[in-house]
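Me: Could you take a close look with me at one part of this model? I would like to follow how its strands pair up.

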Amino acid sequence: MENQVIIGNRVDCLYRVSTDKQVDYNDNSQADIPMQRKECHRFCEKMGWTIVHEEQEDGVSGHKVRAENRDKLQIIKERAKQGKFDILLVFMFDRIGRIADETPFVVEWFVKNGIRVWSTQEGEQRFDNHTDKLTNYIRFWQADGESEKTSIRTKTALGQLVEEGGFKGGNAPYGYDLVKSGRLNKRKHELYELVINEAEAAVVRTVFDKYVHEGFGAQRIATYLNNLGYRARTGKMWHHASIRGMICNLTYTGVLRCGASRSQVLPHLQIIEPELFEAAQTIRTSRANAAEAERTVPMNTRGNSLLAGNVFCGHCGARLSLTTNGKAYPCKDDPNRVVKRVRYICYGKTRKQTECDGQTGYTAHILDGIIDKIVRQIFERMKAIPKSEIVNARYREKMEERKIRLRSVKADYTKAAVELDTLKAEVIKAIHGESVFPKELLASLISEAEAKCRELQVAFEQAQADYDEGQTVLQSLNAQYDDIISWAEMYDTASMEAKKMIVNCLINRVEVYRDYKLHIDFNIDLEQFSVGMDIVEIAA
């Protein structure tokens, strides 16, 4: 008799917490699983009910996850259809859900299917009249609102924590370890903070170096690391998706992020320089952009050809593609070694898609040699002239002229504005009969002064715009000069992948004509640095 189930008092219990951290320990939220189970058991004992089934949802948000996506709730609904219990008991009704346009109707569904719905804290939810239905809706509308408020408070608190340089929680990104900080939160739980894991940080630096300086894609980097024996933190082989995630992770620059909130740069967390991170984002965006005209980096840097995707037939405009001749020839430098002939071929002509009167193809090492010679000459000429002479000296006089012009126009405008204010003040005196000037004369003078002010304001705004534009150009030139010198210093010892990246940063488009005559569009205006290149002379 002790285990007999009394019909009408069979209970299914549903427990839910919105975060995994609330499953195993008791905190002050009054919503953790052990507390809910204990309270429901105590309530059933008090009411003389028998618990026949229990379901537990761990880390399921009742505000974000809809009923059809909650497996445990669907199990209980199916049991209700089969008549396996009589009462659905929860600690509080918001354990069923917090979605205003859904949860009230979930509760009503149970009642309509013969299931009484009880809360240990709020009693039974009935639908005997219109007021009951309204009360039911209002309850979950309020719960929905509380979830919204909680979400806002949580996001705000996490944002403030991050802005102050604190770790928001969760797993440490690859490259970092979590260590105890010795500080406790308001719930007396010890807080953790990030520290750099030097072994993993070395891998992070390799990833960014390969991506930015050698043009490796995410898949190629993953393969590279796996072949060297590196493994992810889980012990598994690297996956390209993990590499992409690392490339987008701002934390490596020493900046913590939470939504729109950012911390200041934290030097003790910086694994890579911000400039390297920004360069990686530029490359990532460029490769994702389908518009060829906007791409300034190669899609990949595989192979030993210097040009990649930016070389075209000068006769028909078709892209030149790399191809390898099936035959092998003795190497000139080493007769014992054979090599295959690599050529850039006109895609339009070989596929007969265009009327092309140019060559079918161009030997890769000859064309690459010409480009290599041009690049080296540019670097030699740039290194031969000091930055102060190339950039500052050339634009110093022009910027000084703009600065003087700006000061002059600003002074004239200020003077005209003061004169206008003086005339307007004289009008007040004229109205009171205290001015020696006739009203008609003052009106004429004010009209002229206003016209002069408008004219000078336009001139002042234009002078300011010209000066600002000059400053922008000067900053751009300084940055471009620094880039070119940096490329020049690494070019000789760089790998083929790195050389290909440098060439693609320097050169936008190469058009090849018969006998290897070239037209080159540079990404940088070399004339600004007094570095002109006679491409025909070099090609010849």
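To start, which residue in β14 is the bridge partner of Cys-313?

Reply: Happy to! Keep in mind that this is a predicted model. The bridge partner of Cys-313 in β14 is Val-512.

For context, strands of a sheet pair through backbone hydrogen bonds, in either a parallel or an antiparallel way.

Elsewhere in the model you can find an open sheet of five strands with mixed pairing, in the order β2-β1-β3-β4-β5. Its edge strands, β2 (50–57) and β5 (123–125), each pair on one side only. On average, neighbouring strands of this sheet are turned by 25° against each other, direction ignored. Within this sheet, strand β3 (residues 87–90) and strand β4 (residues 116–119) are parallel and share four bridges; Leu-89 has Trp-118 as its bridge partner in β4. Helix α1 (residues 33–47) packs on the sheet and touches β1 (10–16), β2, β3 and β4. The direction of α1 makes about 160° with that of β1. Helix α2 (residues 71–81) lies across β1, β2 and β3, and runs at about 150° to β2.

Key:
Residues are numbered from 1 along each chain as its sequence is written. This is a predicted model: local features need pLDDT of at least 70, side-chain atom pairs count only at pLDDT 80 or more; totals for chains, interfaces and linings use all residues. Side-chain values use heavy atoms; hydrogens and water are left out. Two strands pair if DSSP finds at least two bridges between them. Helices (H or I, at least four residues) and strands (E, at least two) are DSSP runs, numbered from the N terminus. Axes are lines fitted to C-alpha atoms, for helices over the stretch in contact, and angles run from 0 to 180 degrees between N-to-C directions. Contact means heavy atoms within 4.5 Å.
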